[in-house]
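The following questions and answers examine how the parts of a structure are arranged. Please read each answer with the structure in view.

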Amino acid sequence: MDKRLPIEVRWHGRGGQGVVTASRILASAALKGGYYLQSLPDFGAERSGAPIAAYTRISESPVIDRGPVYEPDAVIVLDASLIGQVDVETGLVSDGTIIVNTANPDSPALKRLRLQPDQQLWTVDASQIAIELIKRNVPNTPILGVFSRSVPVLDIDTMSHAIDELMSETFPPNIVEANLQALRLGHDQAQKIEAGVSANV
Amino acid sequence: MTTTQKQAQKPSSGIKLPPPQAINGGEAVAYAMRQINPEVVAAYPITPQTFIIEKFSEFVADGIVGTEYINVESEHAAMSACVGATAAGGRAQTATSGPGLALMYEMLWVASGMRLPIVMHLCSRSFSAPLNILCDHSDVMGMRESSWPMLIGASPQEAYDQAVVMPTIAENKQVLLPSANVLDGFTVTHSVERVEVLPDEVVKEFTGEYEPDIWALEPGSTATFGTLDANDYYFEHKRQQVEAMKNSLEVVRTQLNAVGELTGRPMNLVEEYLLDDAEVALVVLGSSEGMVRAAVDEARAEGIKVGMLRIRLFRPFPVDDVRKALEGIGAVGVLDRAIAFGTPGNALMQDLATSTRTMPDRPLLMDFVYGLGGRATPKQLFRQAVDEVFKMNESRVEPDEPAYLGLK
């Protein structure tokens, strides 16, 4: 038994940022890790730029809850401009982890997060990594790198295999390779923010 | 433990299974359709059915399935094309949701009246207006009297397993009726989960070929389909459909057992959970069963003897199986995910009331409407239903009106 499981993840982002794909990659990685999994988009009429959510569940037994995640163990925010507009931290468990894609770990947006003492905040400039390597602002694969570091359920190699397999179905090898590099860079550049102060760990 | 909670047992057939996949319910159905390789698939895209036909048309475009895929101009045309293809001797399938099913409605009856074993995958969705693309069972209930056997699954895995079994039910010579594989819109169609699939050749062998006795394009055939049948034999033809529906029940049971042997995942007409010593129970259809079971577990932990009955075979309604499962239960909460406006009871409530009315100690019944238009129904709301049914069992007074779970 893995004491960290089951875990529930809630994703926040905007249409076009790859929220649903990221959730799905995480679920595929969970399958590779030998777990039961679920990836579920929050259902609405998705439009490019509109706030959207998705959920991932990873468990050692079959997942029976097919509803929204109300009490996530981890929250992943692909667009920091959602903080304040969407209640991203709502329901986060008292020792949960929140990961935010931002260029500025000292940004006022992060200060608006109402975090409890044992909740962890991690940041990464996933958009910059994506633009540099993938040539498009799809911050989802770098943020998965942060996830594998801050929520150590699935290691970076398992995540890498899942991205390779899932993206190879639709993308040419150079795009897949760029995403794999983005994953590792996200993992390496992740910063844990201690009590509102950024600290590279 | 019920089927979906159970880890797959080793298939008694001893077949070597491909590795499990992380796919959603729609893709799981498309996967089964590829393995079945029908002669014709005719469909019109509609949310939340879209995954099925997107994936399946990819298979067609990639040349890995030999099906003639017809991208028709409407759902009425989709079902019409399936009617034509099946009458001509081919195996045909389609998929739709909510409003698409409504547009097909005329042809549902044409398909069953002509006794054409078409398979439809229905991804349940509400009816407009107001516009809503999410799950409830309004469409399911809208076709419940059209002489189609209907199976309702609870997970992507079951959507796949049922998709494999459907043609063998529809095409059975004692049945010859179009049949529906129902999967809940979004909660099953869009939920990516671990799905175990059978090898292609096993599905191919299990589903075989469609071999009709009578078909329109048979050389020398004088058969005619859907001809004028006014007041001379129309009545008799409808009476024959009654028999075909009755026959289908045992065929479904046999075929579910047969596919369960192959997969190691038993499937039954009704799935029971902790009913043996239960005093009260909830009855449910489809993918909400997980949260109902969680509510049952929670109530059990507090000493309430409650169980759950999930009805998989919705049409023909498995009256004997339901009665047997509910024997000795004092009070039952019926979970309806659609409103039957102006009727004395919503659809599942009507079925339960009719099925149990002649039981010597029939359980008291209470109706709950939940989850309309995709409203999430978490465990606490089903727990609330358990408590209300428990109270009814003590007071022994049945309410006239349904309760509405999670209504703002």
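**Sheet, chain contact and helix pair**

Q: Across which strands of chain B does helix 9 of chain B lie, and at about what angle does helix 9 run to strand 11 of chain B?
A: Helices (H or I, at least four residues) and strands (E, at least two) are DSSP runs numbered from the N terminus. Axes are lines fitted to C-alpha atoms, for helices over the stretch in contact, and angles run from 0 to 180 degrees between N-to-C directions. Helix 9 (residues 289-301) of chain B lies across strand 9, strand 10 (280-284) and strand 11 of chain B, and its angle to strand 11 of chain B is about 165 degrees.

Q: Which helix of chain B packs on the sheet and touches strand 13 of chain B?
A: This is a predicted model, in which local features need pLDDT of at least 70 and side-chain atom pairs count only at pLDDT 80 or more, while totals for chains, interfaces and linings use all residues. Residues are numbered from 1 along each chain as its sequence is written, and chains are lettered from A and ligands numbered from 1 in the order in which they are written. The helix that touches strand 9, strand 10, strand 11 and strand 13 (331-336) of chain B is helix 10 (residues 319-326) of chain B.

Q: In what order do the 6 strands of the open sheet in chain B stand?
A: Two strands pair if DSSP finds at least two bridges between them. The pairing in this sheet is mixed, and the order is 9-11-10-13-14-15.

Q: Which element supplies the largest share of the side of chain A that touches chain B?
A: Contact between two residues requires C-beta atoms, placed from the backbone, within 7 Å. By this rule, 20 residues of chain A are in contact with 21 residues of chain B. The largest share, 6 residues, comes from strand 2 of chain A.

Q: Why is helix 4 of chain A described as roughly antiparallel to helix 5 of chain A?
A: Helix 4 (residues 140-150) and helix 5 (residues 156-168) of chain A pack with their axes 9 Å apart, at an angle of about 155 degrees. Therefore helix 4 of chain A is roughly antiparallel to helix 5 of chain A; angles under 35 degrees count as roughly parallel, 65 to 115 as roughly perpendicular, the rest as oblique, and roughly antiparallel means over 145.
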